[in-house]
Amino acid sequence: HLKAVVFDWAGTVVDFGSFAPMDAFVQLFASEGLPLTLDEARGPMGLPKWSHIEALLALPAVAAAWQARHGRAPVAADVDRLLARFEPMNLAAIGAHAALVPGTADTVKVLRGAGLRIGSTTGYTRPIMDVLAPLAAAQGFAPDHLVCAGDLLHSRPSPLGVYANLVALGVWPAHAVVKVDDTVPGLLEGAHAGCWTVAVLASS
């Protein structure tokens, strides 16, 4: 009795391993004199990028380096500035990490053949998705609806992104929908919405 599937993007349907944002985070923090490993950068994966940066700044080693460099703890304006620097770095990496995860196009074709609608949510902002979405569409992934970080008052792990998909797709109830994601915040987004929730374990 399923009616729709709502997919995450990076690490779920494109960019196996979610390398585009991770490379950009490591590059950004290195340029600020802040220590950050690739594994540490992955920790808050799935959050909107503003919240992701905020969480990285709270890591003990990063927070100590920031305090030593600036003489104070980071504030919201610092996160705003870092996000403004992050987005161009992320955009520059998108093209090299835009390949569909193997099987994605065939899976969507099967789902559409069964009459299901295809929605999507992402921790990426709209400007980033304006670049990524056409690259994915050319390979066979073009969902019926897309909700980006910043489109709604509250993003993941709130259920609002999934709800926005249900409204746009004209689909209900929530338990007739599957949310597919490779991150904890994205899975909580589906669980909080009352959807079937499927975790992709072998990506990011």
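**View 1. Helices α1 and α3 pack at an angle of about 50°.** The axes of α1 (residues 19-31) and α3 (residues 49-57) are 12 Å apart. This is a predicted model, in which local features need pLDDT of at least 70, side-chain atom pairs count only at pLDDT 80 or more, and totals for chains, interfaces and linings use all residues. Residues are numbered from 1 along each chain as its sequence is written, and side-chain values use heavy atoms, without hydrogens and water. Helices (H or I, at least four residues) and strands (E, at least two) are DSSP runs, numbered from the N terminus. Axes are lines fitted to C-alpha atoms, for helices over the stretch in contact, and angles run from 0 to 180 degrees between N-to-C directions.

**View 2. Residues of α1 meet residues of α3.** Contact means heavy atoms within 4.5 Å. From α1 come Pro21, Met22, Phe25, Leu28 and Phe29. They meet Lys49, His52, Ile53, Leu56 and Leu57 of α3.

**View 3. Four strands form an open sheet.** The order is β2-β1-β3-β4, and the pairing is parallel. Two strands pair if DSSP finds at least two bridges between them. β2 (117-120) and β4 (196-199) are the edge strands, each pairing on one side only. From one strand to the next, the twist averages 20°.

**View 4. Strand β1 runs parallel to β2.** Four bridges join β1 (residues 4-7) to β2. Ala4 stands opposite Arg117 in β2.
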